[in-house]
Amino acid sequence: MKMTWKGLLPLLIFSAMGIFLAIGLTKDPSKLPSQLINEPFPEFSLPDLFDPETQIDQTYLKGQVTLVNVFGSWCVACDLEHPTLRRLAAANEITMLGIDWRDTMEKGRLWLERGGNPYDRVAFDADSILAISLGVTGAPESFLVDHTGQIRFKYVGPISDKIWRKEIKPIVLALEQEMEATP
Amino acid sequence: MSAKHAMRAKHERHSLQSPAICRTLMFVFISLFMSLFMNMAALAQTMSDKEVEARAHEVGSALRCVVCQNQSIDESDADLAKDMRKLVRFRIRQGDSNAEVISYMQSRYGDFVLLKPPVQSNTYFLWFAPVGLMLVFLIWYVVRTRRTTMQLEPEPLSSAEMAQFKKISKKENNT
C-alpha cells in the first residue's frame, strides 16, 4: 500500500489541537488580567472602618507607594496572607490601605483585633462599590499604587513572604526610585 | 387735577384692579403653572421600576459573573453578582444607557465580562474560523467531486484500440 502525506493529516490536526488545548490548561481562568494597570486608581469615598464618621478617598494614595489590599473577615485565604502582611507592617516596608470587602463593621474589626492590624487605614466597602470599580473577583487581591495615584501592579491571591520578596518587593523599590527621581 | 380725582386714584392703587397687584398675581399664577409643568417633566424622566428592572435584566444577562464564570450575573447567586446587579440598577437609574453600563463593566473586568465576545482583531479567529472551515471543506468537496467525474469520462479510443476492440467483441459474439 502506498503511504501518502494525506494519511498523516488527522494526526497533524489532532496534535495541533492537542498543543493549543495544553496551552489552555496552563492558564488559570479565574485569574483575569487587570484592565487597570497604569490607570489612575478609581475615585472612591468610603467610611473608615475604625472611624465611620470620616471618609477615605483616592487622595490618600498620593505621595507614597501604597499597597492596597482587598480582604474580608469571611475570606479564608486572607487568614493565610495575614501573617505576611503583619511582618511587612512590623518592618515598616510599605504604606498599606486595607479594603474590608462585603463585610460587617463588627466582624471586620473583630478579625483585625484577633489577627492584628497591619493596615495604616482600612476603608469599609460593604456593597462592592470600590471592589467592582477595581475589577476585583475575589479576596485577597492586592494593588501597588505609585505616588501619583496610578495602579502599577496587581496580585491575585494571598501574598506569601516568598512572593513578596521575589515578585512584589522589586516593583516597590522601582516605584520608590521613580518617586525620588521626580521632584 | 381735582382732589376727588386724586383720592380715586389712591383708592384704585390699593384695589385688586391696580396694575401692580395684577402683575404680581399673574406672576405667581404663571410660576405655579410652570412649576407644575416642570414637575411633570421630571416625572416623565424618572423611569418606572418596571422599566429599570427590564433593562437591568437585559444588561445583566449580557454580563458574565466573574466568580462562577459560566453564568450571567442575572442568573448567578454569587455575592459579587448580587452587588453587580445592584450597581447595574443604580447606573440605569442614574441615566446610563445599557451600552454605557456594559462598557463600564468592560473597563473594569475586561472583555471577559462580556458573555458575547466582541468582534475585534483577537477574536476574528473565534468568529470566523467555523465559517472559514466550512468554506475550506466546501471547496475541497467541489474540487474532489469534479476530479472524480472528470476521471469517470474515459478518453476516446485510438483507431488501433478501436480495431482491437472490434476484434474482441466479434470473437465474443461468435462464442
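Predicted model: local features only at pLDDT ≥ 70, side-chain atom pairs only at ≥ 80, totals over all residues.
Residues are numbered from 1 along each chain as its sequence is written, and chains are lettered from A and ligands numbered from 1 in the order in which they are written.

**Helices in chain B**
- The axes of α3(B), residues 49-60, and α4(B), residues 79-93, come within 9 Å and cross at roughly 125 degrees (axes are lines fitted to C-alpha atoms, for helices over the stretch in contact, and angles run from 0 to 180 degrees between N-to-C directions).
- The two helices α3(B) and α4(B) are therefore oblique to each other; helices (H or I, at least four residues) and strands (E, at least two) are DSSP runs, numbered from the N terminus.

**Strand pairs in chain A**
- Strand β6(A), residues 141-145, pairs with β7(A), residues 151-156, in the antiparallel sense over five bridges, where pairing requires that DSSP finds at least two bridges between two strands.
- Within this pair, Lys154(A) of β7(A) lies opposite Phe143(A), and the hairpin of β6(A) and β7(A) has five residues between the strands, with Gly149(A) in the turn showing a positive phi of about 90 degrees.
- Strands β1(A), residues 45-48, and β2(A), residues 51-57, are also antiparallel, with four bridges, and Gln55(A) in β2(A) is the bridge partner of Pro47(A).
- The hairpin between β1(A) and β2(A) runs through two residues.

Methods. Parallel < 35°, antiparallel > 145°, perpendicular 65-115°, else oblique.
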